[in-house]
Amino acid sequence: MTRTPVNVTVTGAAGQIGYALLFRIASGQLLGADVPVRLRLLEIPQAVKAAEGTAMELDDCAFPLLSGVDIFDDATKAFEGANVALLVGARPRTKGMERGDLLEANGGIFKPQGEAINAGAADDIKVLVVGNPANTNALIARSHAPDVPAERFTAMTRLDHNRALAQLARKAGVSVADLRKLTIWGNHSATQYPDIFHAEIAGKNAAETVNDQAWLENDFIPTVAKRGAAIIEARGASSAASAASAAIDHVHTWVNGTAEGDWTSMAVVSDGSYGVPEGLISSFPVTTKDGAWEIVQGLEINEFSRGRIDASVAELAEERDAVRKLGLI
Ligand code: NAD
Ligand code: LMR
């Protein structure tokens with residue numbers, strides 16, 4: 001293989017998502033079966049030993065595409081030359097804890113990481129923030145990376161998107177492969193809005209096909225929006241393998257493009273589309289091509305959807321104001 005390896009930096013590498021994620025990256029599922037990768041793992045000093053253990057296991061898999069693993073406890077070094085950065089390391093929500101409580105605890109992590117990305121990442125850097133509160137953590141990192149184009153900072157709502165696909169497929173008695181154009185709007189939180197009004201089931205409008213407003217309001221939307229909490233309740237720990245899988249999907253789609261006639265959900269910097277204030281990192285329907293994303297334009301937003309999008313976006317604006325007050329942006 002003659003291709004130069006792509007540098008993939010993963011923070012929180014010794015955590016539970018990290019453990020589910022690294023092996024899939026190294027096997028080629030993040031970027032493609034012909035793309036060699038070099039992993040650069042960032043952890044806090046106390047967790048470096050555990051990351052070393054994971055690196056030993058990565059060695060033991062003998063992945064042909066894995067050209068090396070470096071472990072750091074220094075953000076500046078970890079992001080040097082990074083082409084893709086997966087910002088996973090953060091404090092996960094535990095039972096009874098609201099996501100808002102996480103703002104202060106996690107905000108401090110993403111400022112130095114944004115600075116480190118600004119200082120040393122490769123020109124084509126693509127950042128996915130997974131660590132919660134993901135949208136606002138991405139906003140913090142972005143605001144400390146003034147030399148990096150704003151569109152390179154994204155946050156993950158692909159897990160919500162995938163959860164919504166699974167719920168809709170079950171309701172309609174179809175395979176997820178039959179579904180297109182589903183959208184998650186807003187924040188990766190309980191206010192998010194999974195929208196099926198533009199979605200399609202085997203080419204037909206999903207909302208009309210399902211035709212069950214009570215299910216939509218009382219079952220589908222709350223099930224998707226509160227799924228993170230339900231997993232925590234059931235597992236005693238936040239989602240890990242599904243979150244890692246969604247992170248793989250997010251970057252793979254960003255790099256390799258959305259399918260013709262479909263789109264995905266990504267939290268990206270708003271340009272004011274659909275009334276979302278410019279600069280907020282909010283989830284939208286996006287298409288991707290040649291490593292760039294674009295917000296799908298021209299969708300008609302009905303009154304039902306409008307209220308829910310506005311509520312989630314209002315929460316994002318509150319989070320932005322809170323981190324601004326804390327001096328984090
Ligand atoms: P975890 O506690 O198992 O692992 C987190 C890891 O991050 C730990 O190993 C910790 O040492 C490390 N870490 C902490 N601060 C760090 C720093 N400054 N630099 C580098 N590493 C650091 O948590 P997890 O279950 O892997 O979850 C990670 C994050 O992902 C949490 O914030 C969780 O809420 C979030 N999450 C997001 C989604 C989503 O859909 N966006 C889904 C699931 C989980
Ligand atoms: C999830 O959606 O599973 C995670 O974001 C965990 C959480 O705190 O909700």
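## Basis of the description

Because the model is predicted, local features need pLDDT of at least 70 and side-chain atom pairs count only at pLDDT 80 or more, whereas totals for chains, interfaces and linings use all residues. Residues are numbered from 1 along each chain as its sequence is written, while chains are lettered from A and ligands numbered from 1 in the order in which they are written.

## The nonpolar core

The largest nonpolar core contains 96 residues, and Leu86, Val130 and Ala247 have the most contacts inside it. Such a core is a set of buried Ala, Val, Leu, Ile, Met, Phe, Trp, Tyr and Cys residues joined through C-beta atoms within 7 Å; a residue is buried if 20 or more other C-beta atoms lie within 10 Å of its own, exposed if 12 or fewer, and partly exposed in between, with C-beta atoms placed from the backbone. Helix 10 (residues 241-256) gives the most to this core, with seven residues. Domain 1 (6-155) and domain 2 (158-319), whose bounds come from an automatic or database domain assignment, both give residues to the core, so it lies between them.

Leaving aside neighbours within four places in sequence, alanine 247 is in contact (C-beta atoms, placed from the backbone, within 7 Å) with Leu21, Leu86, Leu128, Val130 and Met156.

## Paired strands

Helices (H or I, at least four residues) and strands (E, at least two) are DSSP runs numbered from the N terminus, and two strands pair if DSSP finds at least two bridges between them. An open sheet is formed by three strands in the order 7-10-11, with antiparallel pairing. Strand 7 (179-180) and strand 11 (204-205) stand at its edges with a single partner strand each, so one side of each has no neighbour in the sheet. Strand 7 is joined to strand 10 (residues 200-201) by two bridges, and arginine 180 stands opposite glutamate 200 in strand 10.

Six of the six residues of strand 12 (residues 264-269) are buried, so this strand is largely enclosed by the rest of the structure. Six bridges join strand 12 to the antiparallel strand 13 (residues 281-289), where valine 286 is the bridge partner of threonine 264.

## The annotated span

An unreviewed UniProt entry annotates residues 157-322 as "domain: Lactate/malate dehydrogenase C-terminal"; UniProt positions follow the numbering used here, feature names are shortened, and annotations may be inferred rather than shown by experiment. This span is 47% helix and 19% strand, and its end C-alpha atoms lie 21 Å apart.

## Aspartate 59

Aspartate 59, in helix 2 (residues 48-60), counts as partly exposed because it has 13 C-beta neighbours inside 10 Å. Its C-alpha atom is separated by 10.0 Å from that of alanine 26, 33 residues apart along the chain.

Terms used: Contact = placed C-beta atoms within 7 Å.
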